[in-house]
Amino acid sequence: MKRFQWLVILVFFQLAFLNCSLDMPANETDPITLNLQTDSLPATAICSGINELHLTGQFNPAKDTSFAIIPNQFTSKKQVFLRKEALDSFELMWNEAQDEGIDLTILSATRNWTYQRSIWNRKWNGTRYAEFDGSERAIEILKYSSMPGSSRHHWGTDVDLNALENEWFESDIVGVATYAWLKQHAGRFGFHQVYGDQKNGRTGYREEKWHWSYLPLAKPLLDCYLSSITTGDFQQFEGAQWADSIGIVELYVQGVDIPKP
Ligand SMILES: [Zn+2]
């Protein structure tokens, strides 16, 4: 064989190998089984280093080394995860709160796409929203729940604390003290209430006094999300066809209170 032919064969095999190594795992249609490479979130260069599949929850936090399981003293739930940096900061905040007589308990943290879809589809098919049709049903559910692919809980940076109702934080003596403590101190640890009372014109979800976001990581993730996710990313769940007309990205994902630097 001529030297040239050998060269062609060699290049062919190298390309074939390279292509294989970039392939998705075989079971790519099942998000829960995806075990993606970890990413790190650079403070500068927005979007470099961020895996797009993390933005929409297409991963399994139990198998992702960017995430850590939340220790028992911080949560009443089993097998809940946060990004490691967010968990480290939460631990510091939790300790300070404890010293001042405030108990912080994580009720929910990272939820991947599969998990969020189960919440969404259950609500869609349940009796509570049955009187609404099409986009109206989606809008009702969206008062407090996200469409799969659009939840901040996908990012591993956000936690729901203590009680999933504003009333507890407004009327219960412990709830009032807890909320006052969070409003005064959580920001020092990077945690902010991103779903405020909407008096400032914020769009999207209703106020959630329990939902706190670790912005040092969540802010670059949000910026990346807004620059890369499109309507085509919302599919394979009930009512997905309404995502665009409802303005899931513009009104809901973007409808957050973020303090000015
Ligand atoms: Zn939440």
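Asp-158 stands opposite Ser-213 of strand S6, where strands are DSSP E runs of at least two residues and helices are H or I runs of at least four, both numbered from the N terminus. The structure is a predicted model, in which local features need pLDDT of at least 70 and side-chain atom pairs count only at pLDDT 80 or more, while totals for chains, interfaces and linings use all residues. Residues are numbered from 1 along each chain as its sequence is written.

A second bridge links Asp-160 with His-211 in S6. Strand S4, residues 158-161, pairs with S6 in the antiparallel sense through three bridges; two strands are taken to pair if DSSP finds at least two bridges between them. Strand S5 (residues 191-193) is likewise joined to S6 by three bridges, again antiparallel, and here His-192 has Ser-213 as its bridge partner.

Put together, four strands make an open antiparallel sheet ordered S3-S4-S6-S5. Strand S3 (106-108) and S5 each have a single partner strand and stand at the edges, so one side of each lacks a neighbour in the sheet. From one strand to the next, the twist averages 45 degrees, with axes fitted as lines to C-alpha atoms (for helices, over the stretch in contact) and angles running from 0 to 180 degrees between N-to-C directions. Helix H8, residues 215-228, packs on this sheet and touches S4, S5 and S6, its direction making about 85 degrees with that of S6; contact requires C-beta atoms, placed from the backbone, to lie within 7 Å.

In a regular strand, side chains alternate between the two faces of the sheet. In S6 (residues 211-214), His-211 and Ser-213 lie on one side and Trp-212 and Tyr-214 on the other, and all are buried, leaving both faces covered. A residue counts as buried with 20 or more other C-beta atoms (placed from the backbone) within 10 Å of its own, as exposed with 12 or fewer, and as partly exposed in between.

Leaving aside residues up to four places away in sequence, Leu-82 touches Phe-67, Ala-68, Ile-70, Leu-87, Phe-90, Ala-109, Thr-110 and Gly-156.

Ser-89, in helix H3 (residues 84-99), counts as buried because it has 20 C-beta neighbours inside 10 Å. Ser-89 and Tyr-214 are 125 residues apart in sequence, yet their C-alpha atoms are 8.4 Å apart. By contrast, Asp-197 in the loop between S5 and S6 counts as exposed, with 12 neighbours inside 10 Å.

Key: Two residues are in contact if their C-beta atoms, placed from the backbone, lie within 7 Å.
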